[in-house]
Amino acid sequence: MRFSSRVPQRAAVAAAAVAVLLPLSACGGSGGSGGSSTSGSGKIDGSITFQTWNLKTGYKSYFNTLIAGFEKKYPGTHVKWVDQPADNYADKLSADASGGTLPDVVNVSPDLGAPLAKAGLALDLDSDPAAAKYKKEYLPGAWQSSQVPGMKGTYAFPWYLNTGPMFYNKALFKKAGLDPNKPPLTYDQMFSDALTMAKKSGGKVATLANVPTIEDFGRYGVKIMNSKGDGFTFNGSKGVKLLTEYVKLYKAHALDPQALTATPDSAGQKFLTQAVAMNPGSALDLGHFKTQAPSLYKNIGITPQITSTGKVNMYVMGLMVNAKTKNKATSIAFAHYVTDAKNQLSFAKKAAIFPSTAGTLDDPYFTKEDGTDTARVRVAAAKSLKTAVNYTPVVFSDQMKTELGNEVAKALQGKESPQAALDAAVKSCDQLLKQS
């Protein structure tokens, strides 16, 4: 199930980031102008460069105020802020890494930070005492999101998060003889309800409009990679069971017939026309339903993501400290300052995102509804984030997602068995992993 409720487009959606290709021998240096503090000094002063990813247009005032606050707290510091456009951000990071011009503090998603970590350009926060002391301030799942399979350490401060609840159509559940106030919470419950709904509707109403993705395997409890981080394992018995159940749904029309080519927009349209009973979404979708499909809107239910692990999936953005910075103390202090509880809460109230700091999700802003659709979805999503994890391995590239999707399609169409399809997907992904 693909979630359309993610980090805002202008904030560069983490889940849509492309992989960065960096040689392991890439050189690196500070993109800042240095200062009196060297990488071995604990003094917080001097100049650093801070790079964000397509945030200046919408949040210029916020960041200018944030930087001024840091410079006031630490006299003698200066932060140069640069913002890069969303397009070709990965290429820009790669070029800076290779040219030794990587900024001191860099906005990255886990998949963009991983190759920098492998190249020795991302500071291991767990091994640096000045950074490691802040670990307890963040949600465990968020802190772990920037860990790289096969490597020890954490390579970015967690910054903002996103996730999305599931919408479901109470009227369709009731019509199928299912309890409209008890939507499925686990995959097994969803499989059972979906088959019931397809049977009761004569195959006219599907429960889902998307095929399973790597996130579904994670939420089902499938072990996706081996402990060394050098091979994929989602073709094990549990992964095969998940895909087998989806094949049953597809044959019974409990999975929309057009799911093989579905996009978040097309899946949303299926839900809008009440041809599909469940779909992920956002507050913007609720507003659209209210004006375009009033009969759907009055029957909308909101429930957490389907998961058999008890933990939903999160999308994460982080701040990486350049391991080659000439001003490590100030870089660490600034990365922590931007991502501390106070500043994350402030940013969350300006953008449709969630904080990664422990305890911040207990703020009334995330726990109390005010009658608006935005608050309704925000509260539902925030509730699940406290224990959420990022199920997609940081090394799982877009090309790997395509390989998995192609093999899943073959299994659903009966061209391959679920086992054969996943074996082929793992083989292709392992080959791509070796090439990265």
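Hi everyone. Before we look around, please keep in mind that this is a predicted model. How confident is the predictor? The mean pLDDT of the protein chain is 90, and 91% of its residues reach 70 or more. Residues 1–29 are another story: pLDDT there is below 50, although the stretch has 108 contacts in the model beyond near neighbours in sequence. Residues 31–40 also stay under 50. For that stretch, the model has 27 contacts beyond four places in sequence.

Now let's go inside. In soluble globular proteins, nonpolar side chains tend to be buried together. Here, the largest nonpolar core has 118 residues. Which of them touch the most other members? They are F50, F63, F157, F232, F234, Y246 and F347. Let's pick F347 and see who is around. Leaving aside residues up to four places away in sequence, F347 touches L55, Y59, Y62, F63, W159, Y160 and I353. There is also a second, separate core of ten residues, with F271, L272, I300 and V377 among them.

Next, find helix 17, residues 398–412. Which residues of helix 17 are buried? They are M400, L404, E407, V408, A409, A411 and L412. An α-helix has 3.6 residues a turn, so residues three or four places apart point the same way. And what do the buried residues of helix 17 pack against? Their partners are helix 8 (214–220), helix 9 (237–251) and helix 18 (418–435). After the helix comes G414, with a positive phi near 80°.

Three strands form an open sheet in the order 6-5-7, with antiparallel pairing. Strand 6 (278–280) and strand 7 (300–303) stand at the edges; each has a single partner strand, so one side of each has no neighbour in the sheet. On average, neighbouring strands are turned by 30° against each other, direction ignored. Zooming in, strand 5 (residues 166–169) pairs with strand 6 over three bridges, and M166 stands opposite P280 in strand 6. Finally, helix 10 (residues 264–272) lies across strands 5, 6 and 7, running at about 140° to strand 6.

Conventions
Residues numbered from 1 in each chain as written. Heavy atoms only, no water. Core = buried A, V, L, I, M, F, W, Y, C linked by side-chain atoms within 4.5 Å. Buried < 20%, exposed > 50% of the residue type's maximum accessible area, 1.4 Å probe, protein only. Contact = heavy atoms within 4.5 Å. Helix = DSSP H or I, 4+ residues; strand = E, 2+ residues; numbered from the N terminus. Pairing = 2+ DSSP bridges. Axes fitted to C-alpha atoms, helices over the stretch in contact; angles between N-to-C directions. pLDDT = per-residue confidence, 0-100.
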